[in-house]
Amino acid sequence: MDKMVKMPCSYRPAVDKILMAEQILSEFRLKKEELKEVMKRMQREMDRGLRLETHEEASVKMLPTYVCSTPEGSEVGDFLALDLGGTNFRVMLVKVGEDEERSWKVETKNQMYSIPEDAMTGTAQMLFDYIAECMSNFLDRHHIKHKKLPLGFTFSFPVRHEDIDKGILLNWTKGFKASGAEGNNVVGLLRDAIKRRGDFEMDVVAMVNDTVATMISCYYEDRSCEVGMIVGTGCNACYMEEMRTVELVEGEQGRMCVNTEWGAFGNNGELEEFRLEYDRVVDETSINPGQQLYEKLISGKYMGELVRLVLMKLVNEDLLFNGEASELLKTGGSLETRYVSQMESDTGDRKQIYNVLSSLGVLPSELDCDIVRLVCESVSTRSAHMCAAGLAGVINLMRERRSEEALKITVGIDGSVYKLHPCFRDRFHKIVRDLTPHCEITFIQSEEGSGRGAALISAVACKMAASILTH
């Protein structure tokens, strides 16, 4: 019989530490039954958001976008697109044309501008004046200030649309707080700012959410694309819903794209048993406590901070860094979400993890690095699985509405977490497919989604306007 190998003493505590850390992290693991429950609750809130009598109190607002059955053709020509949805703002010139086979040809030139903190949290006039200033700069650079171009505006905040070019901002999210915008027509605020400058003219023809812009831009690659999703700073989805169920808009025929605004799911308590102590701290210290609770479990704005809070818990339990945290690690917001992606990209030599931690003022042992990696994986996996439960809810609902035995559908996706995190995509796809057994789903990643989609929608809106004028 083999001799018992005696474990070196130094090894035992290491095993114990990993086991104790895994015990703490086990709360982040969601069973399939729990994910199904999240999916069911999401569907219930979606239905409540679509119904006139329950819309007001529903957490998932299901806002009509006035983008109807996906378009077949559009105007050709030059369009300008603006994209405001996070800390960066983008201006884009899009040339829409047809190639020899009469299929779509879209060329883009774009410029990114970062939004200063005082514009995000000052007044609406300051914010929109800054946007108009960036547009003026862009038009100068491309020598097109003399042209009055049609403009498509991607505006990624909850808006109640009255038409494709008119929408009231319901509430800011994602760290924006500019006063005097909520309750007002966003396109009006933009038009006023352009008028105040007086150095260029612009014809704002359409305003859309980034999820809608993503869906439309992917539709030109794949005609089955009827769902758009963003997992970046925020998290949201839109899809083509049967008009007969969209009670907030007259009409029964065809389909309209609905912006779910699912980030607010949970605001009525639907996620209480899934929210952990770390989620509660993130929420309480955020700019909008009690709001966007589903988004706070998933999106890039919060993922890094969740990881930091878990690391602090492990330090306090004496399972990390010899029970000592650096001042930087103790500081809220110091661990950015891109660091989570970086640490999970580590190839096994622990270099990436070591580099990130040392930049935060910590000198980790190999064991520390391994535990930190487990923390990152736990938080980002829960994010992917929670997000997957929501999308599965949307897709299963579409299949039921259409009474189809098997639904074949494409989802267009954009956003930094989906694109840049090394494992989010695969974990997310797997769970979506697990929860939608009768659906054949293709995922496509949108390239330059928001801006290109907004420009294509402007092109379509121009075509619609032209045909309304000619009839």
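Predicted model: local features only at pLDDT ≥ 70, side-chain atom pairs only at ≥ 80, totals over all residues.

Visitor: Is K40 buried, partly exposed or exposed?

Guide: The idea is to ask how much of a residue's area remains accessible; under 20% is called buried and over 50% exposed. K40 has a relative accessibility of 47%, and therefore counts as partly exposed.

Visitor: Which residues form a positive surface patch with K40?

Guide: The patch is formed by K32, K36, K40 and R44.

Visitor: How many salt bridges are found in the whole structure?

Guide: A salt bridge pairs a side-chain nitrogen of Lys or Arg with a carboxyl oxygen of Asp or Glu within 4 Å. A search of the whole structure finds 35 of them. One of these joins the side chains of R41 and E273, with an N to O distance of 2.6 Å. This pair links distant parts of the chain, for R41 is in helix α2 while E273 is in the loop between β11 and α8, 232 residues apart. R41 counts as buried, because its relative accessibility is 14%.

Visitor: Where do D129 and R196 lie?

Guide: The side chains of D129 and R196 meet in a salt bridge at 2.9 Å, N to O. D129 lies in helix α5 (residues 124-141) and R196 in helix α6 (residues 186-197), so the pair ties together parts that are 67 residues apart in sequence. D129 is partly exposed, with a relative accessible area of 28%. R196 is partly exposed too, at 41%.

Visitor: With which residue does R427 form a salt bridge?

Guide: Its partner is E344, and the closest N and O atoms are 2.9 Å apart. Since R427 belongs to helix α15 (residues 424-435) and E344 to helix α11 (residues 337-344), the pair ties together parts 83 residues apart in sequence. R427 is buried, with a relative accessible area of 17%, and E344 is buried at 3%. Salt bridges may also share partners: in this way E226, E242, R244, R255 and R402 are joined into one network.

Visitor: In which sense, parallel or antiparallel, do β9 and β12 pair?

Guide: Strand β9 (residues 225-231) and β12 pair in the parallel sense, over 5 bridges. I230 stands opposite D414 in β12. Strand β13 (residues 439-445) also runs parallel to β12, and 7 bridges join the two. There, L407 has C439 in β13 as its bridge partner.

Visitor: How many residues of strand β8 are buried?

Guide: In β8 (residues 202-208) the count is 6 of the 7 residues, so β8 is largely enclosed by the rest of the structure. Strand β5 (residues 149-155) pairs with β8 in the parallel sense over 6 bridges. T154 has V208 in β8 as its bridge partner.

Visitor: How does one read residues that are separated along the chain? For instance, what separates the C-alpha atoms of K95 and G77?

Guide: K95 and G77 are 18 residues apart along the chain, and their C-alpha atoms are separated by 5.7 Å. K95 has its place in strand β3 (residues 88-98) and is partly exposed, with a relative accessible area of 34%. Another pair is G266 and Q292, which are 26 residues apart in sequence and 7.4 Å apart in space, C-alpha to C-alpha. G266 is in the loop between β11 and α8 and is buried, with a relative accessible area of 1%.

Visitor: Finally, what is the phi of M62?

Guide: Most residues other than glycine have a negative phi. M62 is not a glycine, yet its phi is positive, at about 50 degrees. M62 is found in the loop between α3 and β1 and is buried, with a relative accessible area of 1%. Y66 also has a positive phi, near 65 degrees, in a residue other than glycine. Y66 has its place in strand β1 and is partly exposed, with a relative accessible area of 23%.

Conventions:
Residues numbered from 1 in each chain as written. Heavy atoms only, no water. Pairing = 2+ DSSP bridges. Helix = DSSP H or I, 4+ residues; strand = E, 2+ residues; numbered from the N terminus. Patch = residues over 30% accessible without salt bridge, like charges linked within 9 Å, V, L, I, M, F, W, Y side chains within 5 Å. Areas by Shrake-Rupley, 256 points an atom, 1.4 Å probe, with all protein chains shown as cover. Lys, Arg positive; Asp, Glu negative; His and termini not counted. Charge placed at Lys NZ, Arg CZ, Asp CG, Glu CD. Buried < 20%, exposed > 50% of the residue type's maximum accessible area, 1.4 Å probe, protein only.
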